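Thank you all for coming; I would like to walk you slowly through one protein model this morning.

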Amino acid sequence: MSVDDLSPSMQNYLKVIWGLQEWLDAPVSNSAIAEAAGVRLSTVSDALRKLSDQQLIGHVRYGTVTLTELGREHAVSMIRRHRLLETFLVQALGYEWDEVHEEADRLEHAVSDELIDRVDRVLGYPTRDPHGDPIPSADGLVQRPDAVILSTAPAPCRARVERISDADNEMLQYFASRGLVVDAELEVLPGEPYSETVTVRVGGAEAPVSLGPAAAASMWVSVTAP
């Protein structure tokens, strides 16, 4: 079975399941899938039954959802398409990083693996998409950087932005306006006592930036120095 034999809906569910466990290493539940996909729990249950029938997931009732080897292969194939398309839209067509997610969602179901391989070659075999998510290789290898969520980084320290979630377009626009982009160098400063905010200085700028819990939880960094 090829990933192209699956319906766009089934392709999306595999991609959602992969995405939920890629960075957080947490169990994937039906409710988490429903929230990420923006659908009702009953709709997820029906979809998971179909995926299980096709031996794409190992699903424990009221438990966690895991991908089988074939399910992982198809999920990674869709992730590769999506992230290469996002990268192409930014690098070749001049899209902003907050504009590409929905476009790639539409395009990924229509392109062939041959076209994706050509896009990969034209772009020079990029390893990350515009948000820092790793682009799987043609043989399915995924190399996630050693990074932690910004809100868990020790303060004070110096850090580099490795990945920023693309779940909120307005947040991406705000980050870009403050220079908080992939590879930005940060100084993580001690926060105010009893405050949930994280304060950072971007690239040596004089004015620090205070980030609330949602923003700090959307950014992954690698600590480069104490």
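Predicted model: local features only at pLDDT ≥ 70, side-chain atom pairs only at ≥ 80, totals over all residues.

Let me start with a question: which residue in S6 does Leu 186 stand opposite? The answer is Val 202, which faces Leu 186 from strand S6. Residues are numbered from 1 along each chain as its sequence is written, and side-chain values use heavy atoms, with hydrogens and water left out.

First, the overall picture. The protein has 8 helices and 8 strands, where helices (H or I, at least four residues) and strands (E, at least two) are DSSP runs numbered from the N terminus. Its radius of gyration is 19 Å, close to the 17 Å that the globule rule gives for 226 residues, so the protein is as compact as a globular protein of that length; the radius is taken over C-alpha atoms, and the rule is 2.2 Å times the number of residues to the power 0.38. Of the 226 residues, 41% count as buried, and here buried means under 20% relative accessible area, exposed means over 50%, and partly exposed lies in between, with a 1.4 Å probe and protein chains only.

Now to the sheet. It is an open sheet of 6 strands in the order S3-S8-S4-S5-S6-S7, with antiparallel pairing, and two strands pair if DSSP finds at least two bridges between them. S3 and S7 stand at the edges with a single partner strand each, so one side of each is left without a neighbour in the sheet. Strand S3, residues 148-149, pairs with S8, residues 219-225, over 2 bridges, and there Ile 149 stands opposite Trp 220. Strand S4, residues 157-164, is joined to S8 by 6 bridges, with Val 223 in S8 as the bridge partner of Ala 159. Strands S5 and S6 are joined by 4 bridges.

Let me turn to charged residues. Side chains of opposite charge can pair when their charged atoms come close. A salt bridge here is a side-chain nitrogen of Lys or Arg within 4 Å of a carboxyl oxygen of Asp or Glu, and by this rule the count comes to 15 salt bridges. In one of them, the side chains of Arg 81 and Asp 4 meet at 2.8 Å, N to O; Arg 81 lies in helix H4 and Asp 4 in the segment before helix H1, so the pair ties together parts that are 77 residues apart in sequence. Arg 81 counts as buried, at 0% relative accessibility, whereas Asp 4, at 42%, counts as partly exposed.

Another salt bridge joins Arg 163 to Asp 133, again with the closest N and O atoms 2.8 Å apart, and both residues are buried. These two also belong to a network of salt bridges that links Glu 22, Arg 83, Asp 133 and Arg 163.

Asp 129 sits in the loop between helix H6 and S3.
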